[in-house]
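This report covers one protein chain. Please have the sequence and the model at hand while reading.

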Amino acid sequence: MGIREFPGSAPRAKSIAVGMRRSPDVSPRRLSDISPQLRQLKYLVVDEAIKEDLKWSRSVEDLTSGPVGLTSIEERILRITGYYGYQPWATSYKREERPREPPGPAEAQAPAGTEAGGRTSRHRWTCSQEQLRKVFWGVAVVFCVCASWAGSTQLARLTFKTFDAPFTLTWFATNWNFLFFPLYYAGHVCKSTEKQSVKQRYRECCRFFGDNGLTLKVFFTKAAPFGVLWTLTNYLYLHAIKKINATDVSVLFCCNKAFVFLLSWIVLRDRFMGVRIVAAILAIAGIVMMTYADGFHSHSVIGIALVVGSASMSALYKVLFKLLLGSAKFGEAALFLSILGVFNIVFITCIPIILYFTRVEYWNSFDDIPWGNLCGFSILLLTFNIVLNFGIAVTYPTLMSLGIVLSVPVNAVVDHYTSQIVFNGVRVIAIIIIGLGFLLLLLPEEWDVWLIKLLTRLKVRKKEETAESSGDLGTGPQSRSRRARPSFAR
């Protein structure tokens, strides 16, 4: 039908057909291996239909490879003779059924997402439901942290107008830490499928302190020092509010992030990061500029020193906790904070009494105490600590830290309308520098790798868009005809 035999050529044609059906696994790769079959090709006459089928059976790789857009003569002859598994006389042959050869070096090294013609498909940024939920909760957590921290600062400043007792206020607010573990257990009962009794949950959380649990020795060696640091941090912060405005106090307290990095680098041998050293330098420069903004008056210098001391105590608390106790789960953290409240009630109560009788922090009668302000400050501070310690369960830690920075402009707006603060150029620059240093400290350790990947991806996308725009310009009928019939003339 497709091949006409001449007289006396039947045995030769039969041998050629047998050679054509040879398996591709034993296919030769040189012309000298099939020279007998090539000499017998002169006895075959191929119909025009087979020629047309051969022409359309060339793959995209065959048409695009080579310097002139065609395959080599050797490959074409091997394919025609059937050594690549191609049988043009089979009517049931389809292009999709042709076995694919293993990818070559160029195809194997092609990046993921490339299409058959070499064009790279655009990556679509997808956001899962889990990520959307975390971002939504992150916004809520940022708002809650910002509102509670700024609100507690402003409410403390308002309280000192009628009740000048910062240590008593610190003691009263720290007693509310006792509610951490009961609130955690209530959440455990509501959400956990395997509910435990209070005693069972307490014993399980006590394993955080060691195999023996919470003993008297562990209480004085691992809990009491943190109770002292907690009290000093809050007392120095509240005492500074009496000396300087709330905006300066809140922005200077943001330096504790830089102090945490420096202490972690020295004590915990954490990874050195140049960008965090720059952030620490910015924090120190901001402190100096903030002092200069008020003209180095003794009143402001004492207030700034108190805030820096509070930030240092906070950094020491965090670094020692990681050094001595490591990381804690939610139940263990709640139990630890409740133990700090118990320590405050048992061992710190004597100090406000002494201050009262020595008239250092004195008030005429208990009716003069603004209980509403004291309870409001304690609730806001408790809310701030709850969100800061347990917000990681619903969102990212970086978003929670942003709430502390955002409290600075909130305090600035409130101070602008309620006090006589002067936002001169030096104070504004100091606030910006400290805020920038705080944001640099929020960068993850692999930020440079992510930045390089982002720049590389943007560069590749720009090249793709340039290639697509140049390809769209050449899609007219003239360019198509040129592709169909290539010309070698200059």
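## Basis and confidence

This is a predicted model, in which local features need pLDDT of at least 70, side-chain atom pairs count only at pLDDT 80 or more, and totals for chains, interfaces and linings use all residues. Residues are numbered from 1 along each chain as its sequence is written, and side-chain values use heavy atoms, with hydrogens and water left out.

The average pLDDT (the predictor's confidence in each residue, from 0 to 100) is 75 for the chain, and 69% of the residues score at least 70. Among the elements of the chain, the highest mean pLDDT, 95, belongs to helix 8 (residues 166-174), and the lowest, 34, to helix 6 (residues 105-108). Helices are DSSP runs of H or I with at least four residues, numbered from the N terminus.

The pLDDT is below 50 over residues 56-71, a stretch with 19 contacts (heavy atoms within 4.5 Å) beyond near neighbours in sequence. It is also below 50 over residues 479-490, where the model has four such contacts.

## Nonpolar core

A nonpolar core is a set of buried Ala, Val, Leu, Ile, Met, Phe, Trp, Tyr and Cys residues joined through side-chain atoms within 4.5 Å; buried means under 20% relative accessible area, with a 1.4 Å probe and protein chains only. The largest one has 91 residues, and L238, L252, Y317, F336 and F377 touch the most other members. Helix 11 (residues 216-243) gives the most to this core, 12 residues.

Beyond its neighbours within four places in sequence, L238 contacts A156, F160, P166, L169, T170 and F377.

## Loop residue R359

R359 lies in the loop between helix 17 (350-357) and helix 18 (371-390). R359 is not a glycine, yet has a positive phi of about 60°. R359 counts as exposed (over 50%) because its relative accessibility is 56%.

Methods:
Helix = DSSP H or I, 4+ residues; strand = E, 2+ residues; numbered from the N terminus.
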